[in-house]
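This report covers one protein chain, from its overall form down to single side-chain pairs. The sequence and the structure come next.

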Amino acid sequence: MAAISLRLPDDLDRKLAEEADLAGRPRSEVVRDALAEYLARRERARFMAEFIAEAKKGYGDPEIRQEAIEMAEEHVALSNAALDLAEGRQPGEPWPEEPGERWWK
């Protein structure tokens with residue numbers, strides 16, 4: 001395992017010591033966990049930024065946007081048909097009205 005040395009401002013060092021005491025763990029373990037969490041968060045943020053940039057680029061292209069809309073509309077129809085079958089209905093068959101209280105009341 002690699003070793004690293006760093007200087008901390010007094011208030012940060014105090015907070016680190018308090019957290020380590022509360023957690024019952026060594027300071028170095030608390031720092032390792034915090035650093036791992038920070039790096040993972042930064043990696044996720046970069047991934048999401050790239051993902052959003054690519055999505056904006058794709059949806060800026062009218063052909064790609066239209067294709068995505070068509071795929072989504074097709075998926076909704078297939079999902080609804082699968083749900084009908086799972087609930088014992090033929091695809092497209094209307095839901096039977098249930099007597100009694102409505103769920104939204």
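Is Leu8 buried, partly exposed or exposed? The model is a predicted one, and in this model Leu8 has a relative accessible area of 30%, so Leu8 is partly exposed. The residue sits in the segment before helix 1, which covers residues 10–23. Leu8 also belongs to a nonpolar surface patch of about 400 Å², whose other members are Ile4, Leu6 and Leu12.

**Overall form**

The protein contains 3 helices and 0 strands, and from the N terminus on its elements run α-α-α. Its radius of gyration is 27 Å, whereas the globule rule gives 13 Å for 105 residues; the protein is therefore more spread out than a compact globule. Along the principal axes, the C-alpha atoms occupy a box of roughly 70 × 45 × 30 Å. Of the 105 residues, 6% count as buried. The accessible surface amounts to about 9,900 Å², and carbon and sulfur atoms account for 58% of that surface.

Two C-alpha distances give a sense of the layout. Arg89 and Pro9 lie 80 residues apart along the chain, and their C-alpha atoms are separated by 67 Å. Arg27 and Leu16 are 11 residues apart in sequence, with 6.6 Å between their C-alpha atoms.

**Helices and their ends**

Helix 1 consists of 14 residues and spans 20 Å from its first C-alpha to its last, close to the 20 Å expected at 1.5 Å a residue. After helix 1 comes Gly24, which has a positive phi near 65°.

Helix 2 takes in residues 27–59, and Arg27 is part of it.

Helix 3, residues 62–86, has 25 residues and reaches 36 Å from its first C-alpha to its last, close to the 36 Å expected at 1.5 Å a residue. At the start of helix 3, a side-chain oxygen of Asp61 comes to within 2.9 Å of the backbone nitrogen of Glu63. Just after helix 3, Gly88 adopts a positive phi of about 85°.

**Salt bridges**

Side chains of opposite charge can pair when their charged atoms come close. How many salt bridges does the structure hold? There are 6 salt bridges in the structure. The table lists some of them.

| Salt bridge | Closest N and O atoms |
|---|---|
| Asp33 and Arg25 | 1.9 Å |
| Arg89 and Asp84 | 2.8 Å |
| Arg89 and Glu87 | 2.8 Å |

Arg89 lies in the segment after helix 3. Is Arg89 buried or exposed? Its relative accessibility is 8%, so Arg89 counts as buried. The cut-off behind this is under 20% relative accessible area. Its two listed partners can be taken in turn. Asp84 is buried, as is Arg89. Glu87, on the other hand, is partly exposed, since its relative accessible area is 42%. The side chains of Arg89 and Glu87 are also joined by a polar contact of 2.8 Å, and the salt bridge between Arg89 and Glu87 likewise has its closest N and O atoms 2.8 Å apart.

Elsewhere, salt bridges with shared partners link Arg25, Glu29 and Asp33 into one network.

**Summary**

The predicted model is a protein of 3 helices and 0 strands, more spread out than a compact globule, in which 6% of the residues count as buried. Arg89 is one of the buried residues, and salt bridges connect Arg89 to Asp84 and to Glu87. A nonpolar surface patch made by Ile4, Leu6, Leu8 and Leu12 covers about 400 Å².

Methods:
Residues are numbered from 1 along each chain as its sequence is written. Side-chain values use heavy atoms; hydrogens and water are left out. Patches are made of residues with over 30% relative accessible area and no salt bridge: like charges are joined within 9 Å, nonpolar side chains (Val, Leu, Ile, Met, Phe, Trp, Tyr) within 5 Å. Accessible areas come from the Shrake-Rupley method with a 1.4 Å probe; for residues, only the protein chains shown count as cover. A salt bridge is a side-chain nitrogen of Lys or Arg within 4 Å of a carboxyl oxygen of Asp or Glu. Helices (H or I, at least four residues) and strands (E, at least two) are DSSP runs, numbered from the N terminus. Buried means under 20% relative accessible area, exposed over 50%, partly exposed in between (1.4 Å probe, protein chains only). A polar contact is a pair of N or O atoms within 3.5 Å; within protein, one must be able to donate a hydrogen and the other to accept it, and residues adjacent in sequence count only if both atoms are side-chain atoms. The expected span of a helix is 1.5 Å times one less than its number of residues. The radius of gyration is taken over C-alpha atoms; the globule rule is 2.2 Å times the number of residues to the power 0.38.
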